Amino acid sequence: MRDMAVGVEDATGTWTAAPQPVVLKMSGISKFYGRIAALTDVSVAFRAGEVHAILGENGAGKSTLMNIIAGAVRPQVGTIEFDGRVVPGMSPEVAAGLGIAISYQHPAILDDLSVLENLRVSLPARLFEGKSPRDVAQAMLDQVGLDVPLRARSDLLTVAQKQLLEIAKALAIKPKVLILDEPTASLDQDATDMLFARIREVVKAGTAVIYITHRLAELRQIAQRVTVLRDGRMQGSALVAEVSDQDLLGMIVGRTLESAFPPKAETPGEVNFAVASLGGHNFSGVSFDIRRGQILGVAGVAGNGQAELMRALAGLQRCKGEVRLSGRPVAERDLLQLAAFMPSDRHAEGLAGGLTIRENAAISALDKFASFGIVNRKAEMAQVSDAFRSLAVKAPSMEAEVKSLSGGNQQKVVMARALLSEPGLIVADEPTQGVDVGARSEIYRILREVSAKGIPVIVNSSDAAELEGLCDKVIVMSRGKVVETLTGDDVAEPRIVAAAVGALTHVDREESRHPKARVAGWRHFVQSDNAPAVPLTLVMIALALYGFGQNSHFLSSFNVGNILMLATALGFIALGQTVALLLAGIDLSVGPLAGFLVVVASFFVLDGQPPSVIALGFALMFGIALIVGLVNGLLIRFAGFTAIAATLAMYIGLQGCSFILRDSPGGYINGTVVEWITWQVGPIPLAFVVLVVFALGAEYALRNRRVGWQMRALGSNEDSARRIGLRVDRTFVAGYVISSLFTVLGAIMLMAQIGVGDPAQGANYTLASITAVVLGGTSLRGGRGTFVGTVLGALLLTEVLNVVSFLGLSQTYQYVFQGALILMAALIYATVRERAAAQQQASH
């Protein structure tokens, strides 16, 4: 490796020589995953005030190297030095403390948190101290040109917006070392220019920038030094000004690439695909045709209808107009079966993360491998293997998880699935986004071969040079309309860019702002976690009026107090269940734990016992709950148990312990204690007021305190939470402890209600607590929920069961109504949120 000093940029943009110290040095780094070497004996140094580019194919080890620097991955061999001192154990926390920031290629953005919450949970609290958090966060967004509401939920952001948010997080801490992993993969030219300006600013301030890219043109624009990796090994390092593109390509792929693009069709055949006056959301009046052997490109500044057109052609979005394949009309409903869609966001739409590489590739073609509904595994393996060979997919095994592959190889799996389905049309939206130069040439070759076989291919790309090299015809879109169609020699980068930029027009600012603001406000409310509070309250009022109409005693002080008392016990236990579900877990043990704690109390909280013994009984209840929560959390995090398996085992164990201590009801609870617990003012129990206070306090912490953001972050995406430096294991175990401690409070209420240690009581609270939580609007997938909604859900469920009792119906109906409620709530909330999310995405 050559060790030369590189200069800094002066005010005129000229780089001048100046000695720059080494900030970060890596020596002899090796990392293995099983028997596979991700990195082998890599040594590299990064200097202050310098942009150091890292090049290499997908799977070359670039991201592994960056993850080691950021502390997300630890090497088996090698040392890391920072400012001349060896760092013995790099972790995300240590890296952040040293001033190392990273912007990941796949942003560590937590979808269930708002933009503001993402910034606050990811960044040091000191950045927001003494200032308005909203003003600080807005300044961070302004620095990268990101114009989105701070309260917007992050799952509604586009891929490019998430990338800008990721970059904003990295720049916010003013790092000594800034790692940018494919930062421009999803950005348009304006955003890229803005980013380069920010990079030059931080480099002037002395920051060492490590820049991973697949684009040689970007390398020339922004970097001073370059290092190339291939198959986990160093291939060379040099000053950018002293190495040619051809030499770099040779080091990257290990061979010479004659041309990135295959030859275009010389004599196109007849028209085999055509659309006329096609319209849908955000586009209208689109007409074009494709001849056999041609590839059609779609160009335009981002947000002008290209993405919506691609989704409509793939049958994923409603559209109107005429579509013809080989001269025959195609109905809108048939497009979904006809087209193979390669989405721009492969992680969100292109891949099933929990499936293997083989399963992801074959999933759309299973009917072709099956006879009488039974898949022929041999045929499936043979065709998937052939597809992988033709695409040069690099994978340790076809049975490995797809998320273990590099980005480029994941994209090849998406393409393999498209080809295996034998489609009538290929719709590729940004097919080479985040893909290295070698893999790009292979994707171009496959698309050209598919086109030559007579299958129409449509490619949307923000890279005008890519469209020039790949496509025979390009349509340029602006404001949802085709403004120019380029063919032949006119398919050139300058013409494409000029057509896209020259066609842009703008609407009046005031005309567009106010309606959008009103819609956004309503949409934000619908998507907020506390939105179910309104329908739950209305349903409870309607149900109360119905019960009163059937029996005038339903709203009596006695019955209202009884409902609130029963709801209090369920409410506390459901608050604990809410914590578990927010963590993307579940706690099946809460019901038997409540019953077991009452049985334990029945040996201490008795008439005639001194206060010290009664206090000991309560202390034992809390102590047992603490141990149960710890065991549940530790089994799940460190013993490999799933949440269901661990808490189900605890469910059975606690239920058995209850019957060991008491085989029948016994041990009557102290009457004075019961009176204190059940004391009420009019129809309102004091315990219910305490429940409401706990719920409001927990809700405040969930929305406004770091502990709440961390819990939601872990439930939203554990991998992203770990990458931003959260202590996920500690947070998870603490969450299960909190769940058990809330259950103690429910057990105290249950103890006062039944007044005796009964081993058969408590178990039914597990299902009831899950029902209350889901009714309240908490997601079963984690990351999203509300404690206030849980209390309302507990109230509604208790009221429903009370109405059933008032009507004289059997216990069977209680279970029927309980099951119906949870199903309806889950379906309604999911439908409302999906529709709101779809509308938000469409508005981008």
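This is a predicted model: local features need pLDDT of at least 70, side-chain atom pairs count only at pLDDT 80 or more; totals for chains, interfaces and linings use all residues.
With a relative accessible area of 4%, Glu182 is buried, because buried means under 20% relative accessible area. When residues up to four places away in sequence are not counted, Glu182 touches Gln105, Gln163, Ile212, Thr213 and His214.

## Gly666 in strand 25

Gly666 belongs to strand 25 (residues 666–668), and at 10% relative accessibility Gly666 counts as buried. Apart from its neighbours within four places in sequence, Gly666 is in contact with Ser602, Val756 and Gly757. Phe806 is 140 residues from Gly666 in sequence, and in space the two are 29 Å apart, C-alpha to C-alpha.

## Aromatic rings

The structure holds six aromatic pairs. In one of them, the ring centres of Phe261 and Tyr444 are 4.7 Å apart and the planes stand at 25 degrees, so the pair is stacked, given that planes under 30 degrees apart count as stacked. Phe261 lies in the loop between helix 8 (245–253) and strand 13 (271–280), while Tyr444 lies in helix 15 (residues 437–452), so the pair ties together parts that are 183 residues apart in sequence. Phe261 counts as partly exposed, at 24% relative accessibility, whereas Tyr444 is buried, with a relative accessible area of 3%.

Phe694 and Phe742 form an aromatic pair that is edge-to-face, with 6.3 Å from centre to centre and 75 degrees between the planes. Because Phe694 lies in helix 25 (residues 686–704) and Phe742 in helix 28 (residues 728–754), this pair ties together parts that are 48 residues apart in sequence. Phe694 counts as partly exposed at 36% relative accessibility, and Phe742 is buried, with a relative accessible area of 10%. Together with Phe572, the residues Phe694 and Phe742 form one aromatic cluster.

## Charges over rings

## A nonpolar patch and an enclosed helix

Phe694 also takes part in a nonpolar patch on the surface, which is formed by Trp679, Val681, Ile684, Leu686, Val689, Val690, Val693 and Phe694 and has about 690 Å² of accessible area together. Helix 25 gives the most to the nonpolar patch, with five residues. Another member of the patch, Ile684, lies in strand 27 (residues 684–685) and counts as partly exposed at 35% relative accessibility.

How many of the eleven residues of helix 26 (residues 706–716) are buried? Eight of them are, so helix 26 is largely enclosed by the rest of the structure. The buried residues of helix 26 are Gly708, Trp709, Met711, Arg712, Ala713, Leu714, Gly715 and Ser716, and what covers them includes helix 3 (115–122), helix 20 (557–582), helix 25, helix 27 (718–723) and helix 28.

## Salt bridges

Side chains of opposite charge can pair when their charged atoms come close. The structure holds 28 salt bridges, and in one of these the side chains of Asp83 and Lys176 meet at 3.1 Å, N to O. Asp83 lies in the loop between strand 6 (77–82) and strand 7 (85–86), and Lys176 in the loop between helix 5 (159–172) and strand 9, so the pair ties together parts that are 93 residues apart in sequence. Asp83 counts as partly exposed at 43% relative accessibility, and Lys176 counts as partly exposed at 43% too.

Glu380 forms a salt bridge with Arg358, and the closest N and O atoms are 2.7 Å apart. This pair links distant parts of the chain, with Glu380 in helix 13 (residues 377–391) and Arg358 in helix 12 (residues 357–362), 22 residues apart. Both Glu380 and Arg358 are buried. The side chains of Glu442 and Lys412 also meet in a salt bridge, at 2.7 Å, N to O, and this pair links Glu442 in helix 15 with Lys412 in helix 14 (residues 407–420), 30 residues apart. Glu442 counts as buried at 14% relative accessibility, and Lys412 is buried, with a relative accessible area of 5%. Finally, salt bridges that share partners join Arg358, Glu359, Arg377, Glu380 and Glu399 into one network.

Terms used. Residues are numbered from 1 along each chain as its sequence is written. Side-chain values use heavy atoms; hydrogens and water are left out. Rings of Phe, Tyr and Trp (its six-membered ring) pair if their centres lie within 6.5 Å; planes under 30 degrees apart count as stacked, over 60 as edge-to-face and the rest as tilted. Helices (H or I, at least four residues) and strands (E, at least two) are DSSP runs, numbered from the N terminus. Buried means under 20% relative accessible area, exposed over 50%, partly exposed in between (1.4 Å probe, protein chains only). Patches are made of residues with over 30% relative accessible area and no salt bridge: like charges are joined within 9 Å, nonpolar side chains (Val, Leu, Ile, Met, Phe, Trp, Tyr) within 5 Å. Accessible areas come from the Shrake-Rupley method with a 1.4 Å probe; for residues, only the protein chains shown count as cover. A salt bridge is a side-chain nitrogen of Lys or Arg within 4 Å of a carboxyl oxygen of Asp or Glu. Contact means heavy atoms within 4.5 Å.
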